[in-house]
Amino acid sequence: MIVFINYLKNLGPIKIINLINMNENQITLKIDGLKVNAEEGSTILETALSNNIYIPNLCYYPDLKPWGSCRLCMVENDDGRLVTACETLVQDGMNIITENDRINRVRKLSAELLIANHEVDCLTCRKNDDCKLQEVSSYLGINREDLGSLRRQINNISMDDSNPFFDRDLKKCILCGVCVRTCNELLGVKAIDFGFRGYDTKITTFGDRSIVNSNCVSCGECVVACPVGALVPKEPVKPAREVKTVCPFCGVGCNIYLGIRGNQVINARGDAENSINKGNLCVKGRYGFKFINHPNRLTKPLIKRNNIFEEVEWDEALDYVAHKLSKIKSEKFAAISSARCTNEDNYAVQKFTRVVMGTNNVDNCARSCHAPSVAGLAKIFGSGAMSNSIDEIKDSACLFVIGTNPTASYPVIGLRIVEAVKNGAKLIVADPRNIDICKHADIVLNQIPGTDVALLMGMMKIIVDDELIDEKFIEERCENYNEFKESLKEYDLRTVKAITGVNKELIVKAARMYGSTKPASILYSLGITEHTHGTENVFALGNLALLTGNMGKPSTGVNPIRGQNNVQGACDMGCLPDVFPGYQKLEDPEAIHRFEEAYKVKLNNSNGLMFPEMLEVARIGNIKAMYIVGENPVTSEPNTENIKKSLKNLDFLIVQDIFMSETAMMADVVLPGCSFAEKDGTFTNSERRVQRVRKAIEPVGESRPDWLITCQIAQKMGAEGFEFNDASEIYNEIAEVAPIFGGINYNRINEEGIQWPCIDEKDKGTPILHTQTFKTESGKGRFIPLKYRPSAELPDKEYPLILTTGRSIYHYQTSTMTGAVEGLKTLYGEDYIDMCQEDASSIGVKDNEKVKVISRRGEIEPKVRITESCLTGVVFMTFHFSESATNILTNSALDPISKTPEFKVCAVRVEKI
Amino acid sequence: MSKSLNEILSTFNGNKSELIPILQDIQSSIGYLPEDAIIEVSKFTQVPESEIYGVATFYTQFRFLPVGKKHIMVCKGTACHVKGAPQIIEGIERHLDIKEGEVTFDLEYSLESVGCLGCCALAPCAMINEEVESNLTLKDVKKIFSRMKNNSNDKES
């Protein structure tokens, strides 16, 4: 009984997904005598604009709540009263007048007052031709003479040009508040607000600092939204043409338009017409395109002779590579393909490795990030990817965000989480640090890094004890529940608190909130996977979702957010040592048969080496040659020194990249690939959506699309089946050999991508996985009993602090791309070590002071950043720059199942210099 | 008299509506609103720092810099304005090398303009701490500062 009362007490508001059929709620009204249809709940302004009737407006912005402050959208209603069209909802049978003398008088005065205080310098204004104030002025016919008496001295505020990507010119600001509301409502960043209200009202940051010194994240959403020239991009050149493609940074897969002038990419803007980013972008996507035409791009193949790189012609380079590789025995070769390259590039690399080199030694960087997700989710649910779609996040009633820093690493997903909270969703954040998203959370759990299994088991025990489980779901769709339940026994609150350091009440509260609020969705990323028990962490999350029946329904699921643009695709394409494209097991006789038939060769069916194993074997000399495409393991993998040793030990190293990375420096041959803007292809984002990447400019220098290079090497080596004319032919072959992509081709994804599995032409794709059955052998979700194992390296007397690593919003991976964007370097140019005041004081160091950080594997000297986001005993570093290569410190201990290194926990000591 | 920030916050519940009383208490205790204090108030009330700053800048009662040992309030009322208050302010600004609303680096002087000191017959006038200086001219500005300097030197020796 008590349990039941508790259940009722903790039962949050259950959200009902809005399934109202819009057609039933259509109403009719008249605007200036014209009959128009409108949806219930929309405003007069929205209705008018969607019917191509212009009503002057300035403070209205589609994504924001109406504000009614500019008083320009005044219209007359049936009662002859003036109302703001942006705030007034439509009603059936309304008669709205948008234009008469009385309305115009009001509008004109409002507009005149605004223009009188506005710097009228239109021709040289960067917003010329795209300015809402110009639009209003010409519509209302404002005369310069009428402004005289209203004109007062324009506020003498100097331009804030501190941000590398945009300028703030408050002399042109009309105080419409769109930027403030964008920052608050949409982003939740809240960097700016109105200040000094009165005569001197202006938009200000906290403390009236320059924008770059505020907590602005430079996403540029306000710049896009600003109706006038107060917020403008630094280089506002208009493109000559635009090409729709997919952002090359994180795994969200935002759709963008690249603006091109000549053969240069000059800007990027979000595409509003898609379900993923809906026009939103982050700082990298909007401003991080300068690497494309960067002068340091590799433009010619290079061969290292006498330790010096010499530029050579393509033929020579390809002959040289083919000649060298033909002497290498199959098992002595290994390839690493790139999660940044297209599906077609990845497919070519795995086909080359399997068909030409006769080995399955092919892997990609998912090994060091989401391999535990692939392995873990496959075991529980039968399929290792995000179970639901990004667009469903906003409709969730409860979000459990664990081991991910969405606002920094996947900013557009961060926006969706903020949107969900705005829609009333409960938010539980579990992270060792107080990351930005905690500001929006109902419950924050700061577990000690590496103790997730204990935390989750503790939560699940409470869910079971409080009978918040979904019995029907477990009964009908799951197996192994009793064994799992047995393993929960030892995770009583006291034990869990002792391991995780999290307050007991918080654990209970979080468990009850997740257990009783539906639909609930779990979002996680590398904070879960990059551990020696990463796969077990994933199991724990899978168990949690099964336990509460949050699987196979809208806005539920277990959702790994992918870190790189095409890491999902690289795995899908079979750049893994144990599966063919489309996750077809090597040991499956049917799969082997299918591929031998398609490739017309006998294939090796013994599992190849995983990435860390390749390096290990190379170190002892049993791998002789490696082909690394678009990866930089020297900086990105743990224990840098060890990796260098392995690569040095190779007889032959081919690196294919767009820049001279730290890894490329060690190569014997460097082949210049193309960036995403110079080739056709597809990327697959986190939600399994295959999206078109389009060639926007000709390849820079003599660089070539990666798939073409791989195919040309294969052809030089006399192989057949690599005679592709373009990327679409490769995709057609993929669709033939891998049933889960069977229904996808370039024509179908021209407008919008399709989420796999998509079996045939009629299949519309699969936004939600496991709706009926799981893809496991038995068709049931499999509970997995778990036992908490501590991380491989725990703090001790000698190394008393836990170092955990992550990303900055301004950079991407080892910054080979973002590091070539000057502005991003200005905003974040080196890796700091973040620590709390208490730890800093005990060492005796101040903010911004250089320190020595030492682990068992090496030492580096970053600057200290004192922050409240870190808890005592836990320090944090980003890993973007080779100058302070964080991965010199990290531990290469591996997860036994997925061989993913433990980036997130290692023991360090910080010393004053 | 000066309570710690935690003591002040402990008397409130952390509601948004308490923002202005909290700021008033901080100012009366610390003398101004330091940025660190605003950050703490932001955490306490869940009101963004930028919004608190926006609120605080609306009211002339809130200061963001400490007051100098000698706080100079120059009257900018109608009579004083007509009799040259703006020039007096400019003169003091030049002399102290600070702007209105600021405090000198050594925290000795701070300067602000006020609505009306209520002694229009003595315009233009100013108050330095509790004392009124009347019928000010630019020449007087120099004299006043050298006098104050001498006084404080005397005290120290």
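Which residue stands opposite A:Lys30 in E2(A)? The legends below take you there and then through other parts of this predicted model.

**Figure 1. An open sheet in chain A.** Three strands make up this open sheet, in the order E2-E1-E5 (chain A), and their pairing is mixed. Strand E2 (34-39) and strand E5 (95-96) of chain A are the edge strands, each pairing on one side only. Strand E1 (residues 26-31) of chain A runs antiparallel to E2(A), and six bridges join the two. Here is the answer to the opening question: A:Lys30 stands opposite A:Lys35 in E2(A).

Figure 2. A:Phe352 belongs to helix H10 (residues 343-356) of chain A and A:Tyr627 to strand E25 (residues 625-629) of chain A, so the pair ties together parts that are 275 residues apart in sequence. Both A:Phe352 and A:Tyr627 are buried. Another pair, A:Phe381 with A:Phe774, is stacked because the ring centres lie 5.6 Å apart with the planes at 25 degrees. This pair links distant parts of the chain, 393 residues apart: A:Phe381 is in the loop between helix H11 (371-380) and strand E17 (398-402) of chain A, and A:Phe774 is in the loop between strand E30 (754-755) and strand E31 (781-782) of chain A. A:Phe381 is buried at a relative accessible area of 1%, and A:Phe774 is buried at 2%.

**Figure 3. Charges over aromatic rings.** Two residues with charged side chains are the subject here. The charged end of A:Lys351 sits over the ring of A:Phe722, at 5.1 Å from the centre of that ring. A:Arg433 lies over the face of A:Phe876, 3.5 Å from the ring centre. Look out for A:Phe876 in the next view, where A:Phe876 is the bridge partner of A:Asp834.

**Figure 4. A strand covered on both faces.** Strand E33 (residues 832-835) of chain A has A:Tyr832 and A:Asp834 on one side and A:Ile833 and A:Met835 on the other, all of them buried. With strand E36 (residues 863-866) of chain A, E33(A) pairs in the parallel sense over four bridges. A:Ile833 has A:Val864 as its bridge partner in E36(A). With strand E37 (residues 874-878) of chain A, E33(A) pairs in the antiparallel sense over two bridges. In E37(A), A:Phe876 is the bridge partner of A:Asp834.

**Figure 5. Where chain B meets chain A.** At this interface, 14 residues of chain B are in contact with 16 residues of chain A. The two chains bury an area of about 1200 Å² between them, and carbon and sulfur atoms give 56% of it. B:Glu35, B:Ser50 and B:Tyr53 supply 45% of the area that chain B buries against chain A, more than any other three residues. B:Tyr53 also forms one aromatic cluster with A:Phe196, A:Phe206 and B:Phe64.

**Figure 6. Chain B across its two domains.** The domain assignment of chain B gives domain 1 (5-58) and domain 2 (70-156). Their centres, taken over C-alpha atoms, are separated by 30 Å. B:Ser10 lies in the loop between helix H1 (5-9) and helix H2 (19-30) of chain B and is exposed at 56% relative accessibility. From B:Ser10 to B:Ser110, 100 residues apart along the chain, the C-alpha atoms are separated by 31 Å.

Figure 7. The peptide bond from A:Lys518 to A:Pro519 is cis, and A:Pro519 sits in the loop between helix H18 (504-516) and strand E21 (520-524) of chain A. A cis peptide bond also joins A:Trp756 and A:Pro757, with A:Pro757 in the loop between E30 and E31 of chain A. A:Leu175 is not a glycine, yet has a positive phi of about 55 degrees; A:Leu175 is partly exposed, at 30%.

Terms used
Residues are numbered from 1 along each chain as its sequence is written. Chains are lettered from A and ligands numbered from 1 in the order in which they are written. This is a predicted model: local features need pLDDT of at least 70, side-chain atom pairs count only at pLDDT 80 or more; totals for chains, interfaces and linings use all residues. Side-chain values use heavy atoms; hydrogens and water are left out. Buried means under 20% relative accessible area, exposed over 50%, partly exposed in between (1.4 Å probe, protein chains only). Rings of Phe, Tyr and Trp (its six-membered ring) pair if their centres lie within 6.5 Å; planes under 30 degrees apart count as stacked, over 60 as edge-to-face and the rest as tilted. A charge sits over a ring if NZ of Lys or CZ of Arg is within 6 Å of the ring centre and within 35 degrees of the ring normal. Two strands pair if DSSP finds at least two bridges between them. Domain bounds come from an automatic or database domain assignment. Contact means heavy atoms within 4.5 Å. Buried area is the accessible area (1.4 Å probe) that two parts lose on being put together, summed over both.
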